[in-house]
Structures are given as C-alpha cells and as structure tokens.
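I open these entries to record what I looked up in one structure, element by element. The sequence and coordinates are placed below for reference.

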Amino acid sequence: MSQAAEGKPDQPSMLERAEEIQQQIQHISGRDWQLWSIGILIMLVVTAGLAALILPNMVWSQRVMHIEMSYLPQLFFGLISLILLVNIYLLGQKFTLNTTRRALIRELVLNERLESLSLIDPLTQLLNRRAMNEFIPREVARANRLGAGLTFLTIDVDKFRAINTKFGSLEGDMLLTDFGKMLKLIFRGGDMVFRQGGDEFLILMPDTTEDQADNPLQRLLRMVADWNQNNKKEYELSFSWGVAAYVTGTGVEDVLRAVDRKMYQKKHNLAPTF
C-alpha cells in the first residue's frame with residue numbers, strides 16, 4: 001500500500017455524514033437565535049439610551065421637556081448609524097446562514113436518496129440483500145423486545161434458469177419485474193419484500209403468525225394464475241415457497257435455514273423432516 005493511500009483519511013459513510021449535516025443544521029438554528037438575541041439587545045440598548053436622555057428632563061409638574069438641542073444631531077446620527085450597521089450585519093449573517101442551511105439540506109436529501117438507491121434492487125425495485133442485512137436484525141430485535149410475531153416467507157421462481165436460457169435474458173428480466181410488482185401489490189406496507197438474488201425472494205412480515213401468512217400467499221397464487229391466463233406465454237409462471245415463524249431468542253440464521261429447508265422440500269416434493 002502506498003504512503004498516499006495510508007495517509008488518506010477514511011471517508012465517512014452516508015449515515016455518518018447525514019448525522020454530521022443534521023448537527024450542523026442544529027448549530028445554524030442556534031446561530032439564528034443568537035442573531036435574534038443581538039437584535040433584541042440592540043433594541044433594548046437604544047431604548048435605554050433614549051430613556052436615560054428623556055427621563056432626567058421630565059418633571060411631573062411641567063408639561064414641557066428640556067433637552068439640550070446641541071446634542072440632538074450627534075445623538076440621532078449615532079443612533080441611525082448604529083441601527084444601520086447592526087441591520088447590515090444581521091442581514092449579512094442571516095443570508096450566510098440561509099445559504100449554508102440550503103446547501104446542507106440539499107446534501108442531506110442527496111445522501112438520503114443515494115442511501116435509498118443503495119438498498120433497492122434496480123430491476124425489481126424491491127429491497128436488496130444489503131437491505132436484508134440492515135432491516136432483518138432490527139425487526140428481530142423488535143420481536144425479541146416486544147414478544148411480537150415475526151414470520152419469514154421465502155419464494156423461488158420455478159424453472160427460471162430454463163426460461164431464461166430458452167427465451168433470453170430480456171424475457172427473464174421481464175418475468176422478474178412482473179413478479180416483483182405482484183409481490184408489492186400483495187403484501188402490506190409494513191411487510192418487507194427483498195430480492196435475495198436471481199429468482200429468490202424473501203418477505204419479512206412483522207406482527208404476523210405463520211397461519212396468518214397463508215392469506216397473502218393464497219392471494220399471490222391467484223394473481224400468478226391470472227397472470228398466466230392473461231399473458232398466454234409459452235411457459236407458465238410458478239413458484240415454490242417456505243414459511244417459518246421466528247422463535248423469540250433464537251438466531252436469524254436458524255429461521256432462514258428453516259424457511260429454505262421448507263422451500264426445498266416443497267420444490268422437490270420431499271416429505272417434511274423435523
């Protein structure tokens with residue numbers, strides 16, 4: 001490794017950079033309050049100065065105030081100059097803060113978009129494997145903490161390799177895209193649909209038992225049957241699946257192995273083993 005590479009600092013991740021931007025925006029908001037405080041303080045000083053000039057000359061028994069006329073031009077010139085300079089300073093600082101805030105917000109939005117794109121499979125627009133590694137541990141921790149239901153459903157498109165070989169990769173991509181759309185239509189907004197890779201998909205269903213997972217699965221089977229009937233392809237779309245509920249306190253790998261085993265048994269018509 002070269003010295004230049006060794007001396008180069010590590011670039012912060014998008015998540016770390018987003019936190020830095022949010023802290024900077026909070027700091028700018030604090031500067032806003034400082035500017036308002038300065039403005040209020042100047043108003044108080046000017047008011048106090050006028051009061052110090054006027055009050056000593058006020059006599060309750062008299063209705064006329066006596067003020068040295070020779071001091072009035074200098075007084076008003078000084079006050080106007082002070083107010084003008086303070087306003088110029090405050091407006092300049094406000095413009096700088098607003099410009100910096102807009103730049104930080106644009107960078108934050110861009111980072112969030114890039115982060116979102118990095119978690120999305122470009123073909124099916126479903127969550128990808130990287131998203132699996134991020135979201136599954138979070139949902140498992142939530143299930144452990146609340147004792148809530150959590151069910152995994154894994155799906156594998158039948159004979160996809162043969163379809164891809166016979167009809168071409170474009171047809172295979174179209175098939176996966178259509179199937180991804182079906183998955184997004186069938187499952188709830190709170191469910192997470194991942195493309196694990198190739199023709200393999202994983203659906204994470206929070207607050208769902210294994211029995212409850214059968215309802216969307218049956219709807220998906222009906223939707224696939226309708227797709228076959230309406231498209232009249234030279235092949236039929238079908239899929240195999242496995243369902244397993246997460247058991248509180250167990251590892252994520254255990255439940256993933258369980259759903260994969262059930263899907264393999266269904267795909268190859270094997271008797272279930274326990």
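Which residue in β3 is the bridge partner of D156? I looked this up in the predicted model and found E200.

**Entry 1: confidence.** I checked the pLDDT before reading any geometry. The average over the protein is 77, and 64% of the residues score at least 70. Over residues 1-9 the pLDDT stays under 50, and I found 1 contact beyond four places in sequence for that stretch. Where pLDDT is low, the predicted coordinates should not be read in detail.

**Entry 2: strand β3.** I followed β3 through its pairings. With β1 it pairs in the antiparallel sense, over 7 bridges. With β2 (residues 192-197) β3 also runs antiparallel, and 5 bridges join these two strands. I then looked at burial: 6 of the 7 residues of β3 are buried, so the strand is largely enclosed by the rest of the structure.

**Entry 3: helix α7.** I took the helix at residues 214-231 next. Its 18 residues reach 26 Å from the first C-alpha to the last, close to the 26 Å expected at 1.5 Å a residue. I listed its buried residues as P216, L217, L220, V224, W227 and N228. Seen down the axis of α7, these fall within an arc of 120°, so they line one face of the helix. The face turned away from the buried side carries the exposed residues Q229 and N230. I also asked what covers the buried residues of α7. The cover includes β1 (150-157), α6 (169-186), β3 (200-206) and β4 (239-245). Just after α7, K232 takes a positive phi of about 50°.

**Entry 4: residue N128.** Is N128 buried or exposed? I found a relative accessibility of 15%, and N128 therefore counts as buried, the cut-off being under 20%. N128 sits in the loop between α3 (72-118) and α4 (129-146). A polar atom of the N128 side chain lies 3.2 Å from the backbone nitrogen of R130. Leaving aside neighbours within four places in sequence, I recorded contacts of N128 with S118, L119, I120, D121, F194 and R195.

Notes:
Residues are numbered from 1 along each chain as its sequence is written. This is a predicted model: local features need pLDDT of at least 70, side-chain atom pairs count only at pLDDT 80 or more; totals for chains, interfaces and linings use all residues. Side-chain values use heavy atoms; hydrogens and water are left out. Helices (H or I, at least four residues) and strands (E, at least two) are DSSP runs, numbered from the N terminus. The expected span of a helix is 1.5 Å times one less than its number of residues. Buried means under 20% relative accessible area, exposed over 50%, partly exposed in between (1.4 Å probe, protein chains only). The arc is that of the directions from the helix axis to the C-beta atoms. Contact means heavy atoms within 4.5 Å. pLDDT is the predictor's confidence in each residue, from 0 to 100. Two strands pair if DSSP finds at least two bridges between them. A polar contact is a pair of N or O atoms within 3.5 Å; within protein, one must be able to donate a hydrogen and the other to accept it, and residues adjacent in sequence count only if both atoms are side-chain atoms.
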